Amino acid sequence: MVKRLLKLPKNHSFFLFGPRGAGKTTLLKELLPKEETYFIDLLNIETEMRYAHRPQTFAEELRALSPSIRWVVIDEVQKMPFLLDEVHRYIEEYNDKLLFALTGSSARKLKRGQANLLAGRAFTYSLGPFTQHELGEQFHLERALAYGTLPKVFSLSSEEDVRNFLRSYAQTYVKEEIRSEGLIRNLDSFRGFLSVVAAENGAILSWSNIAREAGIHAKTVQAHYSILEDTLLGFFLPAYARSLRKRQKTHPKFYFFDTGVVRALTGMLTIPLHPGTSEYGRAFEHFFIAEFLRLNASLQKDFSFSYFATHDIEIDLVVERPGLPLLFVELKSGEFINDSALRPLRSVVESVAGSEGLCVSREPRKRRVGKILVCPWQDAAQEIGFLPSAPLT
């Protein structure tokens with residue numbers, strides 16, 4: 001059993017958001033005593049129909065609960081946002097007699113449907129696929145780059161089963177789930193958009209270029225990206241906001257939440273990733289950017305992330321850390337990083353007073369080159385400040 005880094009409250013209601021298959025339900029079943037928990041699964045068709053046909057049923061069930069019940073879990077609450085009105089009323093009326101754990105794999109209906117988000121009466125957390133540090137000895141870099149770290153991947157015995165799972169995830173969830181929520185009218189155009197977006201994963205966005213390649217309007221492109229973000233299938237990495245040099249890039253980048261999912265979308269699951277190739281380098285960058293954002297959410301560090309680019313320099317990650325120096329991070333998958341490859345990072349760090357530079361690589365040992373620390377990928381989380389200097393036990 002994999003122990004998650006995320007610490008959920010034991011005496012306060014909360015929302016837990018994350019993409020489907022990230023392990024939200026499993027985590028709650030491990031955390032909450034079974035005999036004290038009333039579980040409502042809105043993916044169950046009969047349950048959904050019962051509440052849809054007669055909404056007051058939910059309130060009646062709450063009033064009939066045994067005194068031994070302390071927690072009510074509503075799984076995939078975005079499917080029936082109106083239940084949150086009753087949750088809010090119950091919390092106010094009974095002063096936390098019951099605690100609520102509310103999971104969701106899409107924030108779109110809640111955010112855009114003006115759902116009742118309980119006015120701060122429930123904390124908000126997010127959960128992604130496994131991190132390197134959660135997996136410990138089960139983690140293998142090449143496997144993570146090729147297939148990602150969704151929990152289901154680690155319960156399957158063969159690579160063929162893993163590939164079939166990821167294809168199914170891409171086909172049935174990324175496409176069919178979006179259609180079932182009524183988020184788009186033309187699924188065919190969205191399929192074409194997905195193929196283009198997956199191929200452009202991690203690139204600086206040009207709405208007009210993607211619109212031309214996908215054969216849709218630029219405003220439709222932005223709306224489709226918003227769907228991917230709201231359904232937690234990916235995230236925007238903004239350009240660094242403060243002006244450091246002339247002609248800085250301002251458009252964001254977009255990354256899917258998992259390396260295995262994006263390889264499924266691009267049809268690359270059967271193509272091996274070989275160190276030294278551009279595909280391997282892109283997967284290395286993608287994995288660790290997603291990894292750092294997952295660590296930030298799980299450990300609640302309040303770091304903020306962006307990238308920095310001009311016409312001739314691009315730095316993969318800029319990390320703003322409360323109480324710590326501004327950090328510029330390059331992600332390079334080589335086993336040895338030569339001085340010329342470090343030159344852009346050195347140039348930026350030397351021009352920004354008080355900043356630090358980190359190059360995450362496959363080099364076996366740490367070394368310092370001027371103001372730049374080159375470190376093995378295994379030590380990156382500690383060097384950025386997510387974890388103590390010694391690994392967590």
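This is a predicted model: local features need pLDDT of at least 70, side-chain atom pairs count only at pLDDT 80 or more; totals for chains, interfaces and linings use all residues.

Select Ser 126, Leu 232, Phe 235, Leu 293 and Ala 297. Of the 27 residues lining the largest pocket, these lie closest to its centre. The space in that pocket comes to about 710 Å³.

Now colour strand E5 (123–126), helix H11 (218–230), strand E6 (234–237) and helix H13 (278–299): each of them gives two or more residues to the lining. Which element gives the most to the lining? That's H13, with 5 residues. Colour the lining by residue type and you'll get 17 nonpolar, 6 polar and 4 charged.

**Stop two: the sheet.** Next, show the strands in the order E8-E9-E10-E11-E13-E12; these 6 strands form an open sheet with mixed pairing. Look at the edges, where you'll find strand E8 (304–309) and strand E12 (367–369). Each has a single partner strand, so one side of each has no neighbour in the sheet. Going from one strand to the next, the twist averages 30°.

Zoom in on E10 (residues 327–331) and E11 (residues 356–361), which pair in the parallel sense over 5 bridges. Pick Glu 330, then find its bridge partner in E11, Cys 359.

**Last stop: back to H13.** Bring this helix back into view with the sheet. H13 packs on the sheet, touching E8, strand E9 (314–320), E10 and E11. Compare directions, too: that of H13 makes about 140° with that of E10.

Note on methods
Residues are numbered from 1 along each chain as its sequence is written. Side-chain values use heavy atoms; hydrogens and water are left out. On a 1 Å grid over the protein atoms alone, a cavity is a set of points where a 1.4 Å probe fits but cannot get out, and a pocket is an open set with protein on both sides within 12 Å along at least five of seven lines; lining residues have an atom within 4 Å of a point. Grid points are joined across faces, edges and corners, and a volume is the space filled by probe spheres set on the points. Helices (H or I, at least four residues) and strands (E, at least two) are DSSP runs, numbered from the N terminus. Ala, Val, Leu, Ile, Met, Phe, Trp, Tyr, Cys and Pro count as nonpolar, Asp, Glu, Lys and Arg as charged, and the others, Gly among them, as polar. Two strands pair if DSSP finds at least two bridges between them. Axes are lines fitted to C-alpha atoms, for helices over the stretch in contact, and angles run from 0 to 180 degrees between N-to-C directions. Contact means heavy atoms within 4.5 Å.
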